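I opened the model and went through it piece by piece. These are my entries.

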Amino acid sequence: MHEWALAEAVIVAARQEAKKQNIKQITKVQVKIGELQQIDLDVFKFALENIQKIYDDLPLDENIIDLEVESNILKCKVCGKEWELQDLTHLKEDESEAIHFIPETAHAFMRCPGCGTPDFEIVKGRGVWIQSIEGVL
Amino acid sequence: MDPRLSVIDRRLEKIENIIAVSGGKGGIGKSIVAAASALILAKNGHRVGLLDLDFCGPCAHVILGTDKLYPEEEKGIIPPKVNGISFMSIISFTAGCPWALRGSEVSNAITELLAITQWGMLDYLFVDMPPGLGDPALDAIRLIKRMKYLLIATPSKVTLDVMKKELQVLEELNMRIIGILENMKRKENESLSSKLDGLKVSFLGSLDYDPHLEEAIGNVPELLKTGFARQLHEAVEKFI
Ligand SMILES: Nc1ncnc2c1ncn2[C@@H]1O[C@H](COP(=O)(O)OP(=O)(O)O)[C@@H](O)[C@H]1O
Ligand SMILES: [Mg+2]
Ligand SMILES: [Zn+2]
């Protein structure tokens, strides 16, 4: 499960940020998970829980991390068309897995439905992102 | 906040030396020098990795003669082994499909790959750099802080000029420079070293233009038998 690597990133980043802001106890970490990355939330939560145990000097309760899945929007740089990848399960298995690892590989497997160019951008819903951290000073 | 940035140093921490093979221009032999150096050191018993960072024109896999590269999942992804080298390339994911994407998305893809790749313990990681000092080169500088640069130049005035500009930027940014390696030398009595006056970097030697190199591309045992590989071996011994 490669989710482990991203879960570790969330924990390490949250702790670094807390230190920077002199936060003694983290009370909330808001994490956005882009839909394109198709993260298995249960696997991700399980990883978060296990990684937290390794860093027990600044405990971060599993319930403190709030995961929110963000829907995706792609936009063509040429014709301006905006679209949402509705059903990622329609992709071939290896393509969907590649996007799971590196969302940008979408550029290898799809083209703008308006004009056919690969020159589109992922506007929203890409991957794992820390939206905010709250805590007690 | 991008959480990935906080783990990249950890992913690279068990690598002794990270060597970027760069030089500004395209087509000067960065990829072949990076791949062949990695092969030579692996053959000599070192633990070696190769990262193809030329996301818009990956070709290290062509030199190694492989396209079936499936990384294993284990707390991230583990680079597949090719001829004793831990090899990571974007082609493991794009499955041979052509792709085109802009700088900001290349940056995102590079960040992702660096954040999830578990290299483990290595003596050397060679980074096959893309041409130019655009987003990927700047990302490499920003994200792989311990990187040392091996700069390639050919006898052409054109490549020399571009390489010198890259060198100036790298020096400005306090990046470590291993030295300059001349490639595709054709004239016996004309060395690039004479044209490097005033530069404070080591000259690591010259690799001749090897007319038989092309036939050995994609065939590692043959590649290691070429005159090119023999000369490169001598040069590599100087800087490792
Ligand atoms: N010393 C050499 N003799 C002959 N051909 C060479 C030599 N060095 C590089 N080449 C060839 O030049 C081409 C470009 O090399 P490559 O490593 O892909 O350059 P870059 O990565 O700088 O774009 C390849 O076909 C390679 O085999
Ligand atoms: Mg190259
Ligand atoms: Zn379009």
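**Between the chains**

I started with a charged pair: A:Asp119 forms a salt bridge with B:Arg102, and the closest N and O atoms are 2.7 Å apart. I took a salt bridge as a side-chain nitrogen of Lys or Arg within 4 Å of a carboxyl oxygen of Asp or Glu. Between chain B and chain A I get four salt bridges.

A note on the source: this is a predicted model, where local features need pLDDT of at least 70, side-chain atom pairs count only at pLDDT 80 or more, and totals for chains, interfaces and linings use all residues. Residues are numbered from 1 along each chain as its sequence is written, chains are lettered from A and ligands numbered from 1 in the order in which they are written, and side-chain values use heavy atoms, with hydrogens and water left out.

Next I looked up polar contacts (a pair of N or O atoms within 3.5 Å; within protein, one must be able to donate a hydrogen and the other to accept it, and residues adjacent in sequence count only if both atoms are side-chain atoms). Chain B and chain A have 14 residue pairs in polar contact, both residues at pLDDT 80 or more.

Which elements of chain B give two or more residues to the side that touches chain A? They are α1 (8-12), α4 (91-94) and α5 (103-116) of chain B. I use DSSP runs numbered from the N terminus: helices are H or I with at least four residues, strands are E with at least two. α5(B) gives the largest share, seven residues. By class, this side of chain B has 15 nonpolar, five polar and nine charged residues. Here Ala, Val, Leu, Ile, Met, Phe, Trp, Tyr, Cys and Pro are nonpolar, Asp, Glu, Lys and Arg are charged, and the others, Gly among them, are polar.

I then counted contacts (heavy atoms within 4.5 Å). 29 residues of chain B are in contact with 36 residues of chain A. The two chains bury about 2,800 Å² between them, 62% of it on carbon and sulfur atoms. Buried area is the accessible area (1.4 Å probe) that two parts lose on being put together, summed over both. B:Met1, B:Phe93 and B:Glu105 supply 23% of what chain B buries against chain A, more than any other three residues.

**Chain A**

Chain A has four helices and six strands. An open sheet of three strands runs β2-β1-β6, with mixed pairing. Strands pair if DSSP finds at least two bridges between them. β2 (65-70) and β6 (128-136) are the edges. The twist averages 15° from one strand to the next.

β1 (residues 25-34) runs parallel to β2(A), joined by six bridges. A:Gln30 has A:Asp66 as its bridge partner there.

Two helices lie across β1, β2 and β6 of chain A: α1 (residues 3-20) at about 40° to β6(A), and α2 (residues 41-54) at about 155° to β2(A). Axes are lines fitted to C-alpha atoms, for helices over the stretch in contact, and angles run from 0 to 180 degrees between N-to-C directions.

**Chain B**

Eight strands of chain B form an open sheet, β5-β6-β2-β7-β1-β8-β9-β10, again with mixed pairing. β5 (81-82) and β10 (203-208) each have a single partner strand, so one side of each is left without a neighbour in the sheet. β8 (residues 148-153) and β9 (residues 176-185) pair in the parallel sense over six bridges. B:Ile152 stands opposite B:Leu181 in β9(B).
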